[in-house]
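Here is a short briefing to read alongside the model. Have the sequence and the coordinates open as you go through the points.

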Amino acid sequence: MDGANAAVDPVINIDHSGRHLKPLPGTGNCTRMHRPVRQNQRIDRLLITLEFYGNTANQPVIPALTAIYTYNTRPPTQHLAMHTFDTLPLTNSFAALPAAFHTRVQPTPLLQPAQLIHFNPAAAALLNLDPATAGEHSFADIFSGRQSLPGADPVAMRYAGHQFGHYVAQLGDGRAIVLGETTTAAGERWEIQLKGAGQTPYSRDGDGRAVLRSTIREYLCSEAMHGLGIPTTRALCITGTDDEVYREQIETAAVLTRLAPSHVRFGSFELFFYNNLHDELRALADYVIDHHFPALSDAQDPYIALLQTVVERTAQ
């Protein structure tokens, strides 16, 4: 990068056939991500453009998000009525599990009213949520934790896991709160989670907040991975304020709203396995089978079938 405030547009050009990788005419090294259109797929295309400011000598590189490039590769379905916040069917089946699995906790509102930084209509379509809701004043309040989403039963999940190469007996959601889940008319289940929504019992010494810089990065990465066909969480929106968050330097606060069929992870099982809590371990396995792999209930050994299925899917 030559000189301060130089700007480039590093957008990846990918053809799944691997045939071409070339920039668009007149855009320097800005390229467009291509993906072959399969029969009966619908693709929503927007362009990722990142502008980098700073230089490699003495300034950090700061990405500025100007647009998002997303794919919706689900087969087209019949037109479904769009939901508002009042009609969105929201429950929280994970919250119905015993207290050993989670802690009920409300989001902590930011000090200043939040603004909508970016909205992803392709992710909203997964919920059958009317994109017009993004223009409502309550949208930023709901997805920053200032206002409750009707039907929400917020929890922070408990789990163990490996951090920095070492096993940690208990981690848990230190700044993420699952509001609940919605099941669409097509039978798809999506959990709604706020990341950066304040402290939980698992925050340890953390402040429970996220900063705009890293929130933009996760937003971009999750949607880019989805565009590449890699299963991952989806990003619904970013909200933010001028509230100060202290990291290596003072930054501004943001909240990322993530969607996933489930936020259960390997560490959810490790928590109970390494503590010899076999009843809780079995209850968690039963929950995952019932809610996400119901066909495995008919297997000769549903638990072995669950293990095999997860191993195969992870390897793929």
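Of the 316 residues in the protein chain, 43% count as buried, where buried means under 20% relative accessible area, exposed means over 50%, and partly exposed lies in between (1.4 Å probe, protein chains only). This is a predicted model, in which local features need pLDDT of at least 70 and side-chain atom pairs count only at pLDDT 80 or more, while totals for chains, interfaces and linings use all residues. Residues are numbered from 1 along each chain as its sequence is written, and side-chain values use heavy atoms, leaving out hydrogens and water.

**Overall fold**
- The protein chain has six helices and 12 strands, taken as DSSP runs numbered from the N terminus (helices H or I, at least four residues; strands E, at least two).
- Among contacts with a separation of 6 or more, 62% join residues 24 or more positions apart; a contact means heavy atoms within 4.5 Å.

**Surface**
- The accessible surface of the protein chain is about 16,700 Å², and carbon and sulfur atoms hold 54% of that area, by the Shrake-Rupley method with a 1.4 Å probe; for residues, only the protein chains shown count as cover.
- Tyr-274 sits in the loop between helix H4 (266-273) and helix H5 (278-292), and is partly exposed at 48% relative accessibility.

**Cysteines**
- The count of disulfides is zero, a disulfide being a pair of cysteine sulfur atoms within 2.5 Å.
- Cys-237 is buried at 0% relative accessibility, whereas Cys-221 is partly exposed, with a relative accessible area of 42%.
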